[in-house]
Amino acid sequence: MASVLRWLWVNRNYFIIFITPLLILPLPLVFPTPEARCGFAIILMALYWCTECMPLAITALLPVILFPMMGIMESGKVCVEYLKDTNMLFIGGLLVAIAVEHWNLHKRIALSVLLIVGVRPALLMMGFMIVTAFLSMWISNTSTTAMMLPISQAVLEQLSATEADSDEKELREGQDNQAFELIEVNIKHPLDNVTGDKPNNNPDLEARINALSERRRKEREVKYLRLFKGMSLSVCYSASIGGTATLTGTTPNLILKGQMDDIFPDNNDVINFASWFGFAFPNMVLMLALSWFWLQFMYLGFNLKNSFGCGLKNEGDKEAYRVMKNEYKKLGPISFAEGAVLVIFVILVILWFTREPGFMPGWATELFNKNGQYVTDGTVAIFMSTLFFVIPSRLDCSCSVSANDEHDEEAEGVGEEKQKKDKKNKLRGTPTLLNWKVVQEHMPWNIVLLLGGGFALARGSEVSGLSKWLGESLAPLQSIPPFAISLILCFLVGTFTECSSNTATTTLFLPILASMATTIGLHPLYVMLPCTISASLAFMLPVATPPNAIAFSYGNLKVLDMAKAGFILNIIGILSINLGINTWGMAMFNLGTFPAWANTTNATSTP
């Protein structure tokens, strides 16, 4: 029986793939309407995404099969949804992130900041959280966590080793001092030592010292285990928090951008890099500060003298600082390639911010967008990322030859003419900052398909009338205060994303939220924006996000540790988001008024 159950468990994905469609097949058969057929496709994809019985990207391709076969949309119209402007923005942002990682610029930035912050526990945690959050704004959360955790572990291991050496040295000095005192006593009273034991071999003294050493070792292990846990959680949590600050920081942000442009095509580019940053960055800083306070309370306490280090540095601090200094020295002097990548990155960010800042006409408005949205954030991202394939990685005029040339030329049996031909073939010009092989190895193409699948679902829901039906079904929510609706939905999305991909969660929820908002006359961003950020607040389980899984893989954390810390952080994050949407978010996006561009999608909506 046990073997049968084990076989069923290991092959569960096959049962889910084949049985699930049969279980929900009565829906389109009993209700032969476009809404029911689209509902069948969405429910099927939601279950596949939640169980991950198939790769997420393959599940995202199901609309290409289901929508044409069910008569919901033509194949050509479905396929167009898979490569839109938002996908171009995503690809351009990722190319920048790949270049930063390829030339180790992110590691240089991280170590530079940590050397400034110092190695005292609270300051060290603060430094790691700030650096991780900043890097996650621009490169993937997973890559940031994978880079920062080994650095934090190395620093804490050095602190622990130095403290152990210090304790051993202190005990050794104490033993020598006590032995010296006994020698003096024996000189003054020689008859007292009737046993004939040597003073420095006193069994009682050695037993006391061994017991003290063992107690200190256990205390040190407990102390640094808590530090390891706190530091690991601070890194993986700040990676998720930091990704919410920029439009390209994490996939749900881009899904919101794409869904807004798809569902509300006349929204006047209300969500762009500058407007997102204006709302999300202050919210990220608030969440990061509150998260630091909570993790500080859980794992370090609030002993200001020990945590912040009032006074001179001890030997352990110096050793740990030396570890980070050595890591920085290994990077060598900053190269031309690193400088070029940094310059391109800075220019890209400036162009994003000034394209359409909102409070004044941007450069794109003045030069290109007078008669429409010709130049978008995606245009800028692709243009700047193209420079990585044009600019050389070093300034020289020499041709490089592969390292095996000399060995090949010395090989026996190779003619002189063939040697010249081989050498000519191996001559290479100066490589560019990026090449396609590097991009191919690091580009997560599955996310591009996931984005496209989400856009196809949203379009199918609109064309079939399912979105309108869902919105009308949720009309009774109009009697609930808007802030309560936002809060409840954020908790719902935050709970759902703990056991499902944040990409899948956002893709499934946003079209429904858009329909609900237009039906009850609520500004769509009032619910879509906080729920999108809430989808990134998966802090409770190791399987919730890749950063959590990486931190858990180091072996210091238990599921209960992550659940206890993450539960409070989920509440902190959701409350922070709703504070932001009801204060500066209300002023930025004019959320108190139902916009005319949203009314066009539902003629029955009342402003």
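Predicted model: local features only at pLDDT ≥ 70, side-chain atom pairs only at ≥ 80, totals over all residues.
Reader: Why is Gln153 called buried?
Author: Its relative accessibility is 7%, and buried means under 20%, so Gln153 counts as buried.

Reader: What makes the pair of Gln153 and Ser232 a polar contact?
Author: The two side chains come to 3.3 Å, and the cut-off is within 3.5 Å for a pair of N or O atoms. Gln153 is found in helix α11. Leaving aside neighbours within four places in sequence, Gln153 is also in contact with other residues, including Phe228 and Tyr554.

Reader: Why is the pair of Phe264 and Trp597 called edge-to-face?
Author: The ring centres are 5.3 Å apart and the planes stand at 65°. Centres within 6.5 Å make a pair, and planes over 60 degrees apart count as edge-to-face, so the name applies to Phe264 and Trp597.

Reader: Why does this pair tie together parts of the chain?
Author: Phe264 lies in the loop between α13 and α14, and Trp597 in helix α31, so the parts tied together are 333 residues apart in sequence. Both Phe264 and Trp597 are buried.

Reader: What makes Phe277 and Phe281 a stacked pair?
Author: Their planes are 15° apart, with 4.7 Å from centre to centre; stacked requires under 30 degrees. Phe277 and Phe281 are four residues apart in helix α14, which means a separation of about one helical turn.

Reader: Which other residues form salt bridges with Arg459?
Author: Asp262 forms one, with the closest N and O atoms 2.7 Å apart. That pair links helix α13 and helix α23, 197 residues apart. Glu462 forms another, at 3.6 Å. Arg459 and Glu462 are three residues apart in helix α23, so about one helical turn separates them.

Reader: What makes Lys84 count as lying over the face of Phe455?
Author: Lys84 is 5.8 Å from the ring centre, and the distance limit is within 6 Å.

Key: Residues numbered from 1 in each chain as written. Heavy atoms only, no water. Helix = DSSP H or I, 4+ residues; strand = E, 2+ residues; numbered from the N terminus. Buried < 20%, exposed > 50% of the residue type's maximum accessible area, 1.4 Å probe, protein only. Polar contact = N/O pair within 3.5 Å; in protein donor to acceptor, adjacent residues only side chain to side chain. Contact = heavy atoms within 4.5 Å. Phe/Tyr/Trp six-rings, centres within 6.5 Å; stacked < 30°, edge-to-face > 60°. Lys NZ or Arg CZ within 6 Å of the ring centre and 35° of its normal. Salt bridge = Lys/Arg side-chain N within 4 Å of Asp/Glu carboxyl O.
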